[in-house]
Amino acid sequence: MTTELSLSDHAHALHPPTSTGLDNRKVAIWTFIGSECLFFASLISTYLVYKGRDTKGPTPDEILQIPLVTFGTALLLFSSLFVVIALNGAQTGNRKRLLFWLGMTIVCGMFFVGMQVYEFQHFVHEGLKLQTNLFGASFYTLTGFHGTHVTIGVIWLITVFITALRGKLPPERALNLEMAALYWHFVDVVWIVIFPVVYLMK
Amino acid sequence: MATSAVSHAGHASAIHVEKSGIWSWITTVDHKRIGILYGASAFLFFLIGGIEALLLRIQLGSPENTFLSAEAYNQLFTMHGTTMIFLGVMPLSAMFFNYFIPLLLGARDVAFPRLNAFSFWVFLFGGLFLNVSFLFNAAPNAGWFGYANLTSKQYSPGLNVDFWVIGLQILGVSSLAAAVNFFTTVVNMRAKGMKLMRMPMFVWMSFITQILLLLAFPVITVALILLMFDRLFGTMFFTASLGGDPLLWQHLFWIFGHPEVYILILPAFGIVSEILPVFARKPLFGYAAMVFSGAFIAFLGFGVWSHHMFATGMGPIADTVFSLATMLIAVPTGVKIFNWIGTVAGGSLQFRTPLYFSLGFIAMFIIGGLSGVMHASPPADLQQTDTYFVVAHFHYVLFGGSIFALTAGAYYWWPKMFGRMLSEKLGKVHFWLMFVGFNLTFFPMHFVGLHGMPRRVYTYPAGLGFETMNQIETAGSMVLAIAFLVFIYNIIQTARKPADAPADPWNGATLEWSIPSPPQEFNFAEEPVVHSRDPLWETKRERGGKLPEPARVSGAGIHLPNPSYWPILAALGVGSVFVSIMLVHTLGPIAIAAAVLFFFFCVFKWAFEPAG
Amino acid sequence: MDSHAAHAPEAQGLDPHEKSHPGPGVYIKIGVVLFVLTALEVAAYEVAHRPGSLGTLLQPILVPVLLLLSAAKFALVAMYYMHLKQDSKLFSGLFVFPLIIAAVVIVSLIALFIYHYSYQRGML
């Protein structure tokens with residue numbers, strides 16, 4: 001087939017070396033992450049500006065509990081470790097390492113989302129809804145959008161996991177995992193900020 | 001054109017025949033076609049915004065006029081502002097980004113061609129969505145900056161503000177996707193030898209614009225999310241009685257809004273910086289100073305937002321800080337103006353239409369810049385804010401600045417895009433009508449503003465001394481309308497002429513003039529190598545004269561990305577996600593889930609689409 | 001048809017601008033440090049909220065201590081897990097510059113609102 005011919009003959013023309021020598025997709029994901037910084041900065045600002053200005057409770061002091069969320073925090077931290085080990089597996093062609101640790105990452109991510117769903121349900125039960133007070137509104141919005149990012153990350157990692165399972169993630173395509181991993185780490189560092197700011201400085 | 005490509009390419013493995021038909025436009029991933037799509041749709045939206053402005057001017061032509069109701073007036077001025085900013089100037093700039101960033105860089109396409117198509121379709125759907133609101137008589141009506149708490153459910157119970165919130169969210173997705181794409185393109189797709197400090201000034205200013213987009217748009221996204229939650233789910237972010245603070249909206253909006261005005265003007269700076277050297281026959285004066293002043297303007301642009309809020313009573317310290325920072329921006333802006341003047345001074349000026357519009361830009365932008373510095377001072381601002389003085393100011397920078405420069409760019413690059421030269425004669429008629437009409441419309445606004453005429457009010461009583469000035473303004477707006485009719489006439493006349501524009505009609509300095517007009521799908525048959533800031537001038541100098549007319553070649557063996565319909569479907573997915581959120585109380589959360597699933601489905605199909 | 005074959009030239013190992021990433025050993029060490037720092041955060045919180053001399057001592061400096069610990073964790077993840085330490089400086093710029101703007105936005109918004117309220121209440 002002519003198209004196939006042109007593919008193999010002109011592989012270099014298809015993806016010319018870039019001006020910086022860096023892959024376009026890696027530049028793009030970092031650009032996107034940079035942009036996301038301002039997204040979370042705006043949400044965190046909103047939370048902090050409104051902190052302590054509630055006209056009625058429950059306030060953070062009354063409702064936030066540390067043990068459960070510390071567990072979630074640890075899960076997210078470990079998942080960051082796991083995904084970078086999985087990436088190492090992908091880059092070195094160590095299929096076992098790739099699949100196992102990527103699977104572990106996904107499990108941790110799912111548990112984190114589960115933790116958050118449980119926490120939200122618990123808070124609603126305790127009388128804190130989105131509409132209850134400023135704390136409720138800004139807390140659910142901030143942590144909810146973080147949770148949405150975690151969920152999207154989990155979905156992304158699952159698709160990469162499936163490609164890996166089907167043997168379509170050889171070392172030269174490790175960037176497919178690296179992009180998802182970078183996004184995942186970013187979601188983790190956002191939580192590294194949210195955890196002390198929201199829970200420990202209540 | 002098409003036949004020559006075919007005859008050359010009969011035996012080649014990958015031939016590039018000019019594709020046609022509507023399907024080829026829907027699935028196109030060619031940056032040039034996407035640029036034309038951006039330009040055409042943005043120009044249509046621009047005309048809609050212009051008609052809205054004309055209606056406003058007719059209403060204000062006489063005191064206590066009843067041509068428009070107060071409600072209609074509110075919808076029209078809100079949509080005029082929103083349209084001109086988000087559907088006019090920004091996508092018109094995007095047209096030039098799309099068409100010319102790759103050409104000026106010597107690249108064959110942008111970094112992510114399909115993402116580029118996606119950005120366009122999302123923009124188009126967002127623009128159509130905003131304008132569809134007119135059919136429901138529910139066009140946004142709370143002003144282009146939608147101040148809380150006017151936008152709350154209590155004071156704006158209709159769908160008007162929902163259309164605005166959701167429309168802007170959709171457009172934000174488009175802008176962010178495009179910004180990631182163009183940022184990566186400039187970083188990674190430069191021709192061999194094109195170091196950062198050899199990039200054409202238009203690429204530099206566009207590059208800085210992308211950074212502003214990337215950092216400013218997430219903030220408005222969050223502000224709109226908060227407003228959306230207030231309106232749809234009963235939160236109280238901006239409800240003072242429940243502890244919320246309407247001022248937070250103003251802060252978040254202007255943290256976005258001030259960089260946004262540089263998003264509107266920096267591409268215009270870039271266009272003028274390309275045109276002036278070519279028509280003055282000498283290189284751009286102070287290249288490095290131009291780059292750094294542009295970067296400095298953008299950086300400072302993040303630290304001045306509260307000068308839009310002096311009237312809120314922030315307190316003397318905050319007022320002082322933001323006032324000083326704002327005045328500081330006058331310095332790099334002044335550097336740019338002096339550099340343009342330095343470029344023109346002593347040049348052998350070729351008085352063609354693009355130069356007319358560029359010189360008009362400099363003059364009008366200086367006036368707008370100076371009135372801007374005036375309300376950088378809080379005591380002066382308290383007199384001027386919310387009056388027609390401010391309206392005069394920002395029209396001098398956005399119309400006198402951006403639109404004049406974009407028009408200059410249209411005349412300059414038209415032959416490259418369409419292979420036909422726009423008529424010089426009609427172009428100059430267009431310029432003088434626009435120049436006179438613009439000043440008639442907006443200069444008197446300085447006076448009525450300082451006399452105390454408030455903006456955003458649908459009428460004014462007789463006897464306050466506003467009548468004559470307003471009549472002049474309305475007459476001026478008619479002249480402006482005629483100017484654009486002349487432009488449209490020029491376009492139609494030009495489209496009927498044979499496509500015989502030479503590759504390099506203006507003796508250009510940059511790479512796009514080295515290839516045929518219009519360029520072939522693959523842009524450059526051979527990837528260019530760059531040794532200086534004005535690569536084409538340098539080549540011509542070395543050869544001791546003009547370059548030979550570039551031949552149309554088959555481009556055999558040059559790989560180009562395949563057309564794809566997943567971008568438009570994914571864009572449809574984005575649109576349906578947001579619309580289903582807006583209608584959540586009618587359609588229920590199931591609709592959102594369905595829309596999200598559809599969007600994810602498109603993204604997966606896109607991601608796993610064979611690249612070959 | 002293997003459509004992705006063309007990605008081969010830009011594979012990780014062939015990229016001349018990037019030093020190679022560290023292995024699992026380094027990652028695990030960093031993981032341990034991160035875990036310890038998190039434990040310190042929670043411990044600081046617990047101590048500061050408990051009656052006793054140590055609690056009274058820690059209470060006023062709890063916020064800066066937590067911010068420091070959080071910043072340290074943030075930096076470790078960014079440098080080692082996101083490979084900013086080894087990868088091109090461009091990526092560091094793409095992350096750090098927005099972070100600076102983000103910090104400026106957060107800090108100035110908080111300062112503006114505190115100042116605004118105190119000004120309105122006549123406290124300044």
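Colleague: How many salt bridges does the rule find across the interface of domain 1 of chain B and domain 2 of chain B?

Modeller: This is a predicted model, in which local features need pLDDT of at least 70, side-chain atom pairs count only at pLDDT 80 or more, and totals for chains, interfaces and linings use all residues. Side-chain values use heavy atoms, without hydrogens and water, residues are numbered from 1 along each chain as its sequence is written, and chains are lettered from A and ligands numbered from 1 in the order in which they are written. The automatic or database assignment places domain 1 at 34-547 and domain 2 at 568-612 of chain B. With a salt bridge defined as a side-chain nitrogen of Lys or Arg within 4 Å of a carboxyl oxygen of Asp or Glu, the number across this interface is one.

Colleague: Which residue forms a salt bridge with R114(B)?

Modeller: The closest N and O atoms of the pair are 2.7 Å apart. The partner of R114(B) is E609(B).

Colleague: What share of the area between the two domains of chain B do carbon and sulfur atoms give?

Modeller: Buried area is the accessible area (1.4 Å probe) that two parts lose on being put together, summed over both. For domain 1 and domain 2 of chain B it is about 1,500 Å². R114(B), F118(B) and L232(B) supply 35% of what domain 1 buries against domain 2. The share from carbon and sulfur atoms is 84%.
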